[in-house]
Amino acid sequence: MIWLLGHSMYRVEHRGLEAIPEEGAAVLVCNHVSFVDALLIGGAVRRPVRFVMYYKIYRLPLLNFIFRTAGTVPIAGRNEDLLVYDAAFKKIAEYLRNGELVCIFPEGKLTGDGEINEFRGGIERILAENPVPVIPMALKGLWGSFFSRDPRKGCFAACGRASSWRPVRRSVRRRRTVSCCRRRSPSCAANGAEPVRMKKPAEWRASGYGRLNG
């Protein structure tokens, strides 16, 4: 069902998804471009993926049932709601202990200009507490689509135009790509390895993606 929804909206190309292990725990780390990012990733990955989501979106009426059924993890900012914040990391740890895939958008928000925002500290805490493989992912071609925050072409801009469905039709014809980089190992105190740090956009681009959101 998720595959049908994502592929009916866009022409989606998959690259390098073999980097995602067929079994066992791992953290998927992806840039955040549009309101349908989770839908596209969930439709591309053959295993169930537990997404980390801002708690106010998680609590939206009607959608909350879908999010709960999918095992989505609601999270808040540490200074916003400490109970939700701590509960999120406990749930993530539980999923990883059980050998599941968890996907986090480390920027913590949608891009507003097509570029990657500074990563927040949540991803480093997850890896410090849970030594599992990390799979960097990239969504390409979604900036400027109807579901992005592009001020010229996104849904908020379209709502103010009489021809608001025209950008949707054009958007569907463009190709989108869901890509994976090679798997990275987390830090491990047992062997003294250097910790995995993916906090800055420059480090993401060093993985070979360049400008991802265009």
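Modeller: Let us start with Pro74, which is in contact with Met53, Tyr55, Tyr58, Val84 and Ala88, leaving aside its neighbours within four places in sequence. The model is a predicted one, in which local features need pLDDT of at least 70 and side-chain atom pairs count only at pLDDT 80 or more, while totals for chains, interfaces and linings use all residues. Residues are numbered from 1 along each chain as its sequence is written, and side-chain values use heavy atoms, with hydrogens and water left out.

Colleague: What makes Met53 a contact of Pro74?

Modeller: Contact means heavy atoms within 4.5 Å, and Met53 is among the residues that meet this condition for Pro74. A separate value concerns Tyr54: its C-alpha lies 5.6 Å from that of Pro74, although 20 residues separate the two in sequence.

Colleague: Why is Pro74 called partly exposed?

Modeller: Buried means under 20% relative accessible area, exposed over 50%, and partly exposed in between, with a 1.4 Å probe and protein chains only. Pro74 has 24%, so it is partly exposed. Pro74 belongs to strand β4; strands are DSSP runs of E with at least two residues, helices are runs of H or I with at least four, and both are numbered from the N terminus. By these rules the chain has nine helices and seven strands.

Colleague: How do you know that Thr72 is buried?

Modeller: Its relative accessibility is 10%, and therefore Thr72 counts as buried. Thr72 sits in the loop between α4 (63–69) and β4 (73–75). Beyond four places in sequence, Thr72 touches Phe51, Met53, Tyr58 and Phe67.

Colleague: Is Leu62 buried or exposed, and what is the value?

Modeller: Leu62 has a relative accessible area of 79%, so the term is exposed. Leu62 is placed in the loop between α3 (55–58) and α4.

Colleague: What is the phi of Leu62?

Modeller: Phi of Leu62 is near 70°, a positive value in a residue other than glycine. Most residues other than glycine have a negative phi.

Colleague: Which term applies to Ala87, and why?

Modeller: Ala87 has 42% relative accessibility, and so it counts as partly exposed. Ala87 lies in helix α5. Its C-alpha is separated by 9.6 Å from that of Ala76, 11 residues away along the chain.

Colleague: Why is Ala44 called buried?

Modeller: The relative accessible area of Ala44 is 8%, so Ala44 is buried. Ala44 is in helix α2, and it touches His14, Leu17 and Val178, not counting residues up to four places away in sequence.

Colleague: What makes α2 mostly covered?

Modeller: Six of the eight residues of α2 are buried. They are Asp37, Leu40, Ile41, Gly42, Gly43 and Ala44.

Colleague: How do you know that the buried residues of α6 are on the same side of the helix?

Modeller: The buried residues of α6 are Gly122, Ile123, Ile126 and Leu127. They cover an arc of only 130° around the axis, which puts them on the same side of α6; the arc is that of the directions from the helix axis to the C-beta atoms. These buried residues pack against β2 (26–30), α5, β5 (101–104) and β6 (134–140).

Colleague: What makes a space in the model a pocket?

Modeller: On a 1 Å grid over the protein atoms alone, a pocket is an open set of points where a 1.4 Å probe fits, with protein on both sides within 12 Å along at least five of seven lines; lining residues have an atom within 4 Å of a point. The largest pocket has a volume of about 1500 Å³, a volume being the space filled by probe spheres set on the points, which are joined across faces, edges and corners. Of its 46 lining residues, the closest to the centre are Ala38, Val52, Met53, Tyr54 and Phe105.

Colleague: Which strand gives the most to the lining of the largest pocket?

Modeller: β3 does, with six residues.

Colleague: How does the lining of the largest pocket divide by class?

Modeller: There are 29 nonpolar, nine polar and eight charged residues. Ala, Val, Leu, Ile, Met, Phe, Trp, Tyr, Cys and Pro count as nonpolar, Asp, Glu, Lys and Arg as charged, and the others, Gly among them, as polar.
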